[in-house]
Amino acid sequence: MSTLLSEHKQPGKKRIINIKGANAPRLLEMGLLPGTTVEIIRSAPLGFPIEIKVRGYLLTLRKEEAECVEIE
Amino acid sequence: MKNQSLTIALVGNPNTGKSTIFNALTGLKQKVGNYPGVTVERKTGFLNLNGVQHKIIDLPGTYSLNHKKIDERIAYQTLIGEYQHEQTPDLAVLVLDATNLDRNLYLATQVMDLEIPVIVLLNMSDLAEERGIKNDADKIQKQLGVPVLPIIAKNKKDIEQVKQAIAKHDLKPPAPLRWKPEESLSNAINEITENWLKPHTNLPNRAYPIEALRLISDNQVPDDFHNHPRKEVAQEIIANAQAEIERAGKNPAAAEVMARYDFIESCTKNGSTRQDEAETTSDKIDAVVTHKVFGPILFVAILLLMFQAIFSWAEPFMNLIDLFFVHAGNTVAETLPPGILNDLLVEGVIAGLAGVIIFLPQIMFLFFFISILEGTGYMARAAFVMDGFMTRIGLHGRSVVPLISGFACAVPGIMATRTIESWSDRLITIMVLPFMACSARLPVYALMISAFVPNENVLGFISLQGLTFFGLYIFGIVMAIAAAWVMKLFYSDGSSTPFMMELPSYKMPKWSAVFYNMFERGWIFVKEAGKIIMAISVVLWFLASYPKVDVPPEIANNPATTEASFNAQQSASSYKLKHSYAGQFGRFIEPAIEPLGFDWKIGIGLLTSFAAREVMVGTLNTIYSVGEEKGSVVTLQEKLIKDKDPETGEPIFTTLSAISLMIFFALAMQCMSTLAIVRRETNSWKWPIVMFTYMTTLAYICSLVVYQGGLALGY
Ligand SMILES: Nc1nc2c(ncn2[C@@H]2O[C@H](COP(=O)(O)OP(=O)(O)OP(=O)(O)O)[C@@H](O)[C@H]2O)c(=O)[nH]1
Ligand SMILES: [Mg+2]
């Protein structure tokens, strides 16, 4: 069962299954690949952007970008 | 290495320390800050090594060579030798962040595909060690086949090593495609290179693999491609290449990136270990700073503190400067024989300069605070916390940093919008940015407030003056928001734009850089303002002093003004000024500005302030000094308060007209430098003209409404 990263607000670690959609090239370059583990840290005051930790650094994503990330 | 002069480019991800290293190598003082996107332009400097002079280029940071933003494009164009017909650099110094090697190496593998000799620096080794990340430089060096050097940019010893590495580099380019694309991908690269890039484009050979890979992976190809006359040919070739990769069971959009990261992981797997499980200090700070509730509160509190401090902490220094100029004026007045030169120096030059330089302390405090915000890493957090609000008003989280810089000066603020990807977001940010109360407005606000707002406390501890001051900043912000919201209705491409932003770990600001920046900006202010003011005040002094007219005796003895000798003097000089050239001109435009509550003296000031806002204060100082008794120590504030209409005896300035004037200054576009930079950044005259017109019209209307409304309400 896979879900989108944008649907997760609870802190925790997740494994990426697939990256798709318009923002995929950027996300891939930033090191979010199928198989990579991401840690959801928190979300900003109005819900988005969210802050994640990937490959040891902190990255913020808007809803549209988080929707491109499919996780377990 | 032969004794040859090299061109060396500093390349890397944003915020990895490129500018820090650039400064260490060249001795220059490029701006450094702890957030991605500090450098948005190329900067060059020189390094002298064993008697040979090398040219060093500091580039904007980029995550990949598949450029999407202006600042990223500059880096790519420089590397492939397409930047303003310049040659490809002889050597690329890749600056990587050692705490985050995977993502940093991604760009490194791309640059190595360009057949440019490289040196790899693993910068921020101190932070890596602190966090328990161990990088095995030897192993990485073996895997990459290029020199790899772990360094700490602020260590002199390490910079010395970098120089050695440059000096003894053999300048052999690494072999491209060391990450070994698998067969279908490498066939696809060849096909596109042979059938499309070679025959149909005039790209340099070295760029072929990167260009081919971009065409394979990215469906959103750049504009220059869309405009190509033989686009259809290319599309077919690309489709074939993509099909081949798909037949091999790979996804063309991801094949390249995955292969590169596989290679990278093979470099770092045993070459570096990380223990990133423990919560760092940075994480703990973030738990508060980016908190859903405390985050926005903190943001507002920081701004509040900043403005309150500028207003109150700077005061003792301002008094000192004031004292200095009063004495300087008196000394000159007494030492030089009376005459034109004496008048010109005292009433023109010294009065004009004094009026502006007095605000130097406030400007330095402002830059001090902004440098600290930039140095700690808070700026990126502010963008994260505010993004939700910013999108709702039609801006972008990334607009926060340019807008805050706008408090200092709109010019660097407008430059900083280069980090915003979407053109419509960027344009709107540029168009509303000059509403942010820049440091040039400070002198005008400060003068008006200290003269016309009572120095009282509300609630016992907040000064009314400080509050008014803060109110003006808020007013600027609110107007910027409103303008952005309206513009979004007319000018929006409707697309959502990315907000992928790295949050750097917190760092202590580099104090030497903070103080340097503070003094540097202070000096620029004095120099720039000084130049314009010297020129304008000399001309103005002449226009305000000539022609000399005789004061009719009934004015000198006007009953309305005999109550104090000060007023008699005032009214006699006022008569002279009124009949001077400047006075005649001021009275000519008076009908247009009278409804706003301004008299002809302010009219003269307004006119000069369209060159630069701070000139207004110098102008008023000159106007009010002309014909005045020598050795007077009356401040400009007092002169403004006591200035009376000679006919009616009514004060010229009221609190209401002062507010009207401040509102005018808050909104009007009175800055040549801003218009020039908007012209440059938008590449057309249209936007600066639109900006000037809408802002100045808005200013006129708002001042009019406030003044007339205030009068109607009986103020
Ligand atoms: N601890 C530590 N901090 C460093 C080191 N090198 C640079 N910094 C800090 O890292 C931050 C970024 O430095 P810059 O030189 O502005 O980085 P840049 O690569 O030019 O950044 P952009 O222009 O945004 O691409 C600053 O706060 C520096 O003080 C280092 O070796 N160790
Ligand atoms: Mg830089």
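**Close-ups of a predicted model**

View 1. Residues are numbered from 1 along each chain as written, chains are lettered from A and ligands numbered from 1 in written order, and side-chain values use heavy atoms, leaving out hydrogens and water. Helices (H or I, at least four residues) and strands (E, at least two) are DSSP runs, numbered from the N terminus. Helix α1(B) spans residues 18-26, and seven of its nine residues are buried (under 20% relative accessible area; exposed is over 50%, partly exposed in between; 1.4 Å probe, protein chains only). Among the buried ones are B:I21, B:F22 and B:L25. Their cover includes β1 (7-12), β2 (43-49) and α6 (156-167) of chain B, with contact meaning heavy atoms within 4.5 Å.

**View 2. A salt bridge between B:D102 and A:R55.** The side chains meet at 2.8 Å, N to O (a salt bridge is a side-chain nitrogen of Lys or Arg within 4 Å of a carboxyl oxygen of Asp or Glu). B:D102 sits in helix α3 of chain B and A:R55 in the β4-β5 loop of chain A, so the pair joins two chains. Both B:D102 and A:R55 are buried.

**View 3. B:D425 with B:K488.** Their closest N and O atoms are 3.1 Å apart. This pair links α20 to α22 of chain B, 63 residues apart. B:D425 is buried at 4%, whereas B:K488 is partly exposed at 25%.

Methods
Predicted model: local features only at pLDDT ≥ 70, side-chain atom pairs only at ≥ 80, totals over all residues.
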